Structures are given as structure tokens and as C-alpha cells.
Amino acid sequence: MTARRGSVPTMHDVGRLAQVSAMTVSRVLKNDPGVSEATRERVFAAVDRLGYRRNQTARSLRLGGSGMIGLVVTNLANPFYSRLALGVQEVATEHGLRVVLSNSGEQADREPGLVDGLVDHQVEGLIVVPAGSRQQHLAAAMRHVPVVFAARPPAGLDTDCVLVEDFHGAREATACLLAEGHTRVAFLGNPPALYTGAERLRGFWAAHEEVGIEPDGALIRQGLTDSATAERAALDLLGQAEPPTALFCTNNRISQGAIRALFKAGTTLPVAGFDNFDLSDVLGLPLTLVSYDADEIGRQAARLLIDRLEHRDGEPPASRRVTVPTHVIRHGAPSGDGPGQAPTGA
């Protein structure tokens, strides 16, 4: 088998000749140690036979493309999205592609304009962290370019996505608090309409059900959008006649707001939260944090998108869902106040 007469061989051509996927070809060319020697030999033999040269930017320009992919995130000020963007850029650079970054600011009504602008600028594909559940504009974009979702899944659209173990991580972190004897754990969450908010509440609730405890609805606060709203919600909870003895927070900004509230109230309670954050290990608070590799979310999303670009002249792959695993890390010792006691300074 050779490439079509007059055409430039592609990574997909190499994969077909070597009887592997284009992604495996990419891994071999990047010297990935996880590829077997036999597969490596077949790929290099196919590269030699076809005369393949790995230059994705030149290939894109030859095909009338821009050599660019678009990335839309919801809050670039949040370190999570900065890390995700770095992961996307890492893989894109390996393939000779540039990344055009847009920030929706968690405003769903801004997102369609950003997406349309990227498509108008002829990006070859899009990676999107959707700001809301209404995604008709993304369905329209998919008629022109492949779209991969990151951190939040597509709503009724047939395309790839990369997610975090939201449910599992929330359940594991909440279970740590319950195992210490806390029966009044407050929940400080982002908007319930967001997939992450709903899944993390589900994990929080499941951990309680597993030990036969029903969460107190008076201790659940949702719709928090930043550290300031989280701080106000936490102060309100701490001021109740029966305050919580521990807090669960659904992202890093909410955890930071809750921690500020604890300092203002002059108390120390165990805090469990999604997302690790800088200096969490030196705060002197009992912290249980759900950690994961945010860069890997971006890397995986970029790999899925590039794989779709490699298949754009043939049968596209079936939609795929990749999940990035979480693990719990713990800092500090359990609070000296103990479960069930009023927090000092409240």
C-alpha cells in the first residue's frame, strides 16, 4: 500500500498500513514507552514505505486549513482552566497546531458569539467547556468543525468529552468526614444546573446514604459562583443555632471562601473540597481535598480532537467519553472542637 498518487501521506495512511490507529502512530512518533516494540517496528516500517513526514501545520495548510484549534473555557482566572489550557497547548504543539483561547466568563449568552467567531476564523476544531446546558450553537458549529467537550458533557449531542470523576470524588471526600463522626456536614455548591454541581451533590448525598444518615437540608447551599458568595454562605451556616461541624465544598473557589469564613468566625472546622489549590498544605486547617490532573483533561481533549481531524477525510470515530481519575489528599489534623460541638468564636 502507498499513499494516493500526487497526495501527501498522512498519519492516518501510516496507521492503516501498520494496522494501528492514528493515535498509536502519534504515540510511536513521540517515543511513548507504552507502545510495544512490535507495534513500533510496524509503524516505522510504514513511515519509511510511505515517506511520511510529521508536519501537521504544513498538512493543514495544504488542505486549506488554518493550523489552529479553538479552546473556550468558562473562567481563565480559575487555575483549573489555566492548567486545562496548558494541557491542550502541550498536545497541540506536539502536532504543529496553534491554540486560540476564548473565555466565556461563565456567561452562557456570551458563548455562542465566541464559538461563531472561532469558526469564522477557520479553526480546524473546537474544545469547549460549556457555560450552560443550552448547546444549540455547538450543534451548529459541529456542522463545520469537530467539537470536543471538556469538564462538562454534551447535552444531547453526539461527540467526544473528557470528564472528571465528579461523583466518585465527592463521595470519597464526604465519606472521610463521616468516618470521623461528623453527622452535620454542610454542602457549599456551585449552581445545580451545572453538571459538576449536580454530580458532586449526588456524591455527597450517596456518602451519607451509605452510612444511614440523611443530610440536613438546612445545611445545603447551592448556586455559589465565587469565593465571595461562598464566604457569605459559610458565615450564615456558622451563625446558625445548630451549626455544621464540617464543610464540603464543590470547587477550589468555594473552598477558599469557606476558609475565609472560618478565619473570620475564629473557628476551625474540617473542610473537604473538590480541587487542590496552592498553599492548601500550610493553612493549618484539617483539609480533605479531591485532587486530579487538570492538565490531563486538556491533553485528553486535544488528543480526541486531533484524532477526529485525522479521520476527517474518512469515517469519523464513534463518540467517546474519557474520565480522568481523582484521589483524596489530606492536610492537617481533625478539628479539636469535635463533631456536634458549637464552633469556637461563632
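Helices (H or I, at least four residues) and strands (E, at least two) are DSSP runs, numbered from the N terminus. Ser21 sits in the loop between helices H1 and H2. The model is predicted: local features need pLDDT of at least 70, side-chain atom pairs count only at pLDDT 80 or more, and totals for chains, interfaces and linings use all residues. Residue numbers start from 1 along each chain as its sequence is written, and side-chain values use heavy atoms, with hydrogens and water left out.

- Helix H1 covers residues 11–18, and its buried residues (under 20% relative accessible area, 1.4 Å probe, protein chains only) include Met11, Asp13 and Val14.
- Gly15 and Ala18 of H1 are buried as well.
- Gln19 follows H1 and has a positive phi, near 60°.
- Ser21 has a relative accessible area of 35%, so Ser21 counts as partly exposed, a class that lies between buried and exposed (over 50%).
- Ser21 and Glu310 are 289 residues apart along the chain, and their C-alpha atoms are separated by 9.9 Å.

**Cavities**

- The structure holds 2 cavities of 30 Å³ or more.
- A cavity is a set of points, on a 1 Å grid over the protein atoms alone, where a 1.4 Å probe fits but cannot get out; lining residues have an atom within 4 Å of a point.
- The second largest cavity has about 30 Å³ of space, where volume is the space filled by probe spheres set on the points, and grid points are joined across faces, edges and corners.
- Its lining consists of Met11, Ala22, Met23, Ser26, His95, Ile306, Asp307 and Glu310.
- Helices H2 (22–29) and H12 (294–310) are the elements that give two or more residues to this lining.
- By class, the lining has 4 nonpolar, 2 polar and 2 charged residues.
- Here Ala, Val, Leu, Ile, Met, Phe, Trp, Tyr, Cys and Pro count as nonpolar, Asp, Glu, Lys and Arg as charged, and the others, Gly among them, as polar.

**The parallel sheet**

- An open sheet of 6 strands runs in the order S2-S1-S3-S4-S5-S11, with parallel pairing; two strands pair if DSSP finds at least two bridges between them.
- S2 (98–103) and S11 are the edge strands, and each pairs on one side only.
- The twist averages 20° from one strand to the next.
- Helix H5 (residues 79–94) packs on this sheet, touching S1 (68–73), S2, S3 (126–128) and S4; contact means heavy atoms within 4.5 Å.
- The direction of H5 makes about 170° with that of S1; axes are lines fitted to C-alpha atoms, for helices over the stretch in contact, and angles run from 0 to 180 degrees between N-to-C directions.
- S4 (residues 147–150) and S5 pair in parallel over 2 bridges, and Ala150 has Val162 of S5 as its bridge partner.
- S5 and S11 (residues 321–324) pair in parallel over 4 bridges, and Val164 has Val324 of S11 as its bridge partner.
- In S5 (residues 161–164), Cys161 and Leu163 point one way, Val162 and Val164 the other, and all are buried.
- In a regular strand the side chains alternate between the two faces of the sheet.

**The mixed sheet**

- Another open sheet of 6 strands has the order S7-S6-S8-S9-S10-S12, with mixed pairing.
- S7 (220–221) and S12 (327–331) stand at the edges with a single partner strand each, so one side of each has no neighbour in the sheet.
- S9 (residues 271–274) and S10 (residues 287–291) run parallel, joined by 4 bridges, with Ala272 opposite Thr288 in S10.
- Helix H11 (residues 252–265) packs on this sheet, touching S6 (185–188), S8 (246–249), S9 and S10.
- The direction of H11 makes about 155° with that of S8.

Methods
1 Å grid on protein atoms, 1.4 Å probe; cavity = no way out; pocket = protein on both sides within 12 Å on 5 of 7 lines; lining within 4 Å.
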